[in-house]
Amino acid sequence: MDRRLFLRSSSVSIGSALTLPTLLNGCSSENPKAAPVETSTDLSTWEGVRAQFPLDHSMIQMAQMLLASHPKPVADAIARQRQAFDASPATYWEEHFLTAEGIVAQAAAKYMGVDPGEVALTDSTTMGTAILFNGMKLKPGDEILSTTHDHYVTDKSIDFVCEKTGATNRRIEEYADPRTVTVEEVTSNIAKAISDKTRVVMVTWVQSCTGVKLPIRDISKVIQEANAARPKEKRIYFAVDGVHGFGNQDEDISGLGCDYFSAGTHKWIFGPRGTGILFARKDAWDFIRPTIPQFSDYPYLDWMGMAPDREPTFHELMSPGGFHAFDHRWSLDAAFEFQMSMGRDRVHQRTTELNTRLKKGMQDINGVDLLTPVDPALSAGINCFIARDLDATETVKRFHDAGIIASSSPYRISYARLTPCVINTEAEVDTSLQILERMVATI
Ligand SMILES: Cc1ncc(COP(=O)(O)O)c(C=O)c1O
């Protein structure tokens, strides 16, 4: 029987969606509830970009790395989706659930310079990293090599998969001191640590504990060289927590040379809160099993005994299913369009300018110990520092009392952080430096 006829007559409640042209072959190119960034939106100046965010400017916002404010095009997309869902949730969902996520994956893939099938949609970096490790086909004797500078969610995701599979984890110091880190130091420490047992290398692109940006391309070369001497079944896979470089670096993710890349899109990308992506290069898909069933398209048809005549994509197998906050998830394409309208290169350049200005200013203040390298090749938008002998919490509190939202790094050793992004101004950077200078002068 024709698949469409079968499905129409089946009791499975995806009937009305089947009239969509893309049921078996992917997605349509139009999102009926999405609108392009309005032409009246002036993103050619940084004042114009800043005006898109409903931020409280009575405080200087220097902690958007934690969670984004929604810029107008994203807020508008969410409002449109929400209105449509609220008007008739079941109808709207049925009409769009087979296509909406494909549209988001296409926008993400365009921004990332990858194939849409390589992009799974997640709720956060945490979810992406967790389902990545949980799905790895590891066995006793295999080793995951990671670093002492990875985030809590990376460490725990690795712990869980090791407990489950009998694999082991070795955490190495890829550099001794963030202030003096070099590319050579990182790559040679990783090269030395790779053993016969290593099956996965995991690192964090821009580290939220030190602000160091690791040289992902160079690390990838080390892994490629190691792989050249190995049989295919012993191949080392390279995974990256990319969240703090994603949305401020001018990089195609395909060009970084990693196999897997997990990132929330609710930080530097300015996407809806509760969204993220997990990328996997096509030739690394078969090392990962899904954890959470996808809710639509290929896996569902497969479950009904009607798998399309092609291999499923990573997007289809690995985007966790279930009913989500769809008004947010289906609006993520607006954030990627917003990023592309600003220009990935311009965003990178502006982030570098503001952060270099801040770090150079910190270097000139007696009593401030800057941990993050000034060199943009080894840093991005996170700047960690110690204000004389004040602890991080107290430093952040004093900044807050002076009208600046800073943050402290949630690690065993915590540092104060200022993390300017494209919504900030030179004047805000300079005011932050003045406050810091006054702070250390009174300690
Ligand atoms: C390096 C790093 N990875 C992962 C996370 C968790 O991100 P998410 O909130 O997207 O799960 C954070 C939090 O800021 C982080 O700093």
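A crossover counts as right-handed if, with the strands pointing away from the viewer, the path from the first strand over the helix to the second runs clockwise. Helices (H or I, at least four residues) and strands (E, at least two) are DSSP runs, numbered from the N terminus. This is a predicted model, where local features need pLDDT of at least 70, side-chain atom pairs count only at pLDDT 80 or more, and totals for chains, interfaces and linings use all residues. Residues are numbered from 1 along each chain as its sequence is written.

Strand β5 (residues 198-204), helix α9 (residues 216-228) and β6 make up a right-handed β-α-β unit. Strands pair if DSSP finds at least two bridges between them; β5 and β6 do so in the parallel sense, over five bridges, with Val-200 partnered by Tyr-237 in β6. Three bridges also link β6 to β7 (residues 260-264), again parallel, and here Val-240 has Phe-261 as its bridge partner.

A residue is buried if 20 or more other C-beta atoms, placed from the backbone, lie within 10 Å of its own; 12 or fewer makes it exposed, and anything in between partly exposed. Five of the five residues of β6 (residues 237-241) are buried, so this strand is largely enclosed by the rest of the structure. Tyr-237, Ala-239 and Asp-241 point one way from β6, while Phe-238 and Val-240 point the other way.

Elsewhere, four strands form an open antiparallel sheet in the order β9-β10-β13-β12. Its edges are β9 (368-370) and β12 (407-408), each pairing on one side only.
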